[in-house]
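Please open the model in your viewer and keep the sequence beside it. This tour goes from one selection to the next and says what is found at each stop.

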Amino acid sequence: MQRGSDRLSVHRDDEMKHELRGLLRSGHPTRVEEWHDPEPAADDDPEVWSGPVGGLGSPASLERTRLELARHLSRHTFPAKTGEVARALRRNNAPGGLIDAVAALPHGERYENAQQLAEALAGGE
């Protein structure tokens, strides 16, 4: 028998794990009330990867680029060549500017992960 300072009993812990199982396994919200879910990005939201803050070549630009790539690519995309990454971005409805920037990279270059691709897009830091 556990004699710690837990707020909840073992039975309540198991009940809460059972309640959360669907949410943890699904990878998306499972609530019935939609107002609990976060809103998706709007079409008129500024594009994060090419904003004015920091400018190209700055650490802020690298971080924004990596964030935008992570929003539209999974880790299963890599390793990949430039054309493969551009096709994956199109399939995942990435912003046109990001797709164009990736397509403008040298053909035949192979990227092992999103960090390498972000460094190439942000100016090779």
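What you have open is a predicted model, in which local features need pLDDT of at least 70 and side-chain atom pairs count only at pLDDT 80 or more, while totals for chains, interfaces and linings use all residues. Residues are numbered from 1 along each chain as its sequence is written, and side-chain values use heavy atoms, with hydrogens and water left out.

Show the side chains of this pair: arginine 12 forms a salt bridge with glutamate 15, and their closest N and O atoms are 2.9 Å apart. The term salt bridge stands for a side-chain nitrogen of Lys or Arg within 4 Å of a carboxyl oxygen of Asp or Glu. Arginine 12 counts as partly exposed because its relative accessibility is 31%, and glutamate 15 is partly exposed too, with a relative accessible area of 42%; buried means under 20%, exposed over 50%, and partly exposed in between (1.4 Å probe, protein chains only).

Glutamate 19 is exposed, at a relative accessible area of 52%.

Next, move to helix α2, residues 59–72, and select arginine 71 and glutamate 68, which are 3 residues apart there, about one turn of the helix. Salt bridges that share partners, by contrast, join Arg12, Glu15 and Glu19 into one network. Between arginine 71 and glutamate 68 there is a salt bridge with the closest N and O atoms 3.2 Å apart. Is each partner buried or exposed, or in between? Arginine 71 counts as partly exposed at 48% relative accessibility, whereas glutamate 68, at 1%, counts as buried. In total, the structure holds 3 salt bridges.

For the last stop, return to helix α1, which spans residues 10–26, and select leucine 23 within it. Leucine 23 counts as partly exposed because its relative accessibility is 34%.

Notes. Helices (H or I, at least four residues) and strands (E, at least two) are DSSP runs, numbered from the N terminus.
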